[in-house]
Amino acid sequence: MTPLQALQQTLAGEHAAVYVYGVLGGRLSSTEHPELMSRVVAAYDAHVARRDHVTARLEAAGAEPVAAEVSYELPNPARTAAQLTAVALLTEQRCANVYAQTVGSTSRADRKWAVEALVDTAVRQLGLGGRPDEFPGVREL
Amino acid sequence: MRTPPRLSRRRAVGGAAALTALVVSGCTQDGASRTGSGPSATPRSETPTQGRVPPDVTLAAAVLRDEQTMLDQVAATARRHPGLAETVSGARSTHRAHVRLLRQAVPDGARPTPPRPFRPGQVPRRPGPALAALVRAETRLSADGQRNAVRAESGSFARVLASMAAASAQQAARLADVAADRR
């Protein structure tokens with residue numbers, strides 16, 4: 001995978017994450033689940049910032065940033081707090097896989113950015129019911 | 001959202017073998033090299049390094065030493081404070097897995113002198129400070145790992161180093177949570 005392809009894949013992942021967290025935020029009650037709501041808002045902000053960063057990197061490189069899909073299929077009905085939390089966790093796990101791939105396919109500033117994103121998303125998973133992993137983002141190990 | 005493929009044992013073994021081959025040969029894979037200039041960087045050709053220890057082997061040996069030191073500290077903490085053994089069991093299995101993988105990747109001749117093992121006497125007398133010392137060590141190991149991932153020549157090796165750094169960050173966060181709950 002070329003560095004540009006990796007960044008495009010990362011951007012596609014960020015589009016999906018922003019969409020998913022937007023849906024989760026709309027379905028959560030901040031009075032019933034204030035802690036989960038604050039985690040969802042923080043994650044949404046983080047992925048919006050990453051989406052904008054990668055978009056800018058691609059544009060600076062003369063590439064056409066991949067566009068977001070109209071909608072994304074959620075892995076469960078996403079109605080109860082447990083279901084919403086599971087969706088958020090799965091989103092972070094998938095982002096971790098993408099960031100790790102980007103680490104391996106880029107260099108210097110782009111790799112540093114991807115490393116930091118991987119570390120952040122790995123820690124974020126713990127607040128969403130995830131368990132520590134021996135090799136976050138690297139499924140084959 | 002697409003469903004990720006299931007992991008098979010064959011793939012897991014293949015992943016470790018691929019890492020070993022990459023680090024030992026000092027090759028670059030996946031179109032990434034430390035000397036690239038950004039997203040449009042041209043992939044470096046896969047040329048085995050001859051006549052010198054490849055930089056990634058030296059790096060892997062240093063990371064192996066640091067992971068072994070971390071593992072020794074975790075084990076010594078569990079020995080000195082049996083009440084923390086369960087708390088630190090996740091960190092223990094994580095660093096054991098890291099050490100196992102790196103041992104496969106680093107040839108015997110390139111291995112550094114093993115670190116002096118942590119002894120129970122080096123662990124703080126009270127469990128709280130002992131836990132805090134582990135959090136500091138995991139945080140430091142994660143920061144070092146992130147820097148090493150950026151330095152690595154091989155993209156595949158960088159990916160594994162970044163993952164290990166993320167694992168240490170997870171352990172630091174979890175142990176910090178436990179420490180906060182004990183206060």
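This is a predicted model: local features need pLDDT of at least 70, side-chain atom pairs count only at pLDDT 80 or more; totals for chains, interfaces and linings use all residues.
Local features need pLDDT of at least 70, side-chain atom pairs count only at pLDDT 80 or more, and totals for chains, interfaces and linings use all residues. Residues are numbered from 1 along each chain as its sequence is written, chains are lettered from A in the order in which they are written, and side-chain values use heavy atoms, with hydrogens and water left out.

Chain B has five helices and zero strands, where helices (H or I, at least four residues) and strands (E, at least two) are DSSP runs numbered from the N terminus. Of its 183 residues, 48% are buried, that is, under 20% relative accessible area with a 1.4 Å probe, protein chains only.

The largest nonpolar core holds 41 residues; such a core is a set of buried Ala, Val, Leu, Ile, Met, Phe, Trp, Tyr and Cys residues joined through side-chain atoms within 4.5 Å. A:Leu118, A:Phe135, B:Leu102, B:Phe157 and B:Leu161 touch the most other members. Helix 5 of chain B gives the most to this core, nine residues. Apart from it lies another core of 17 residues, including B:Met70 and B:Val123.

Beyond its neighbours within four places in sequence, A:Leu118 is in contact (heavy atoms within 4.5 Å) with residues of both chains, among them A:Ala96, A:Tyr99, B:Ala162 and B:Ala166. A:Ala96 sits in helix 3 of chain A and counts as buried because its relative accessibility is 1%.

Notes
Buried means under 20% relative accessible area, exposed over 50%, partly exposed in between (1.4 Å probe, protein chains only).
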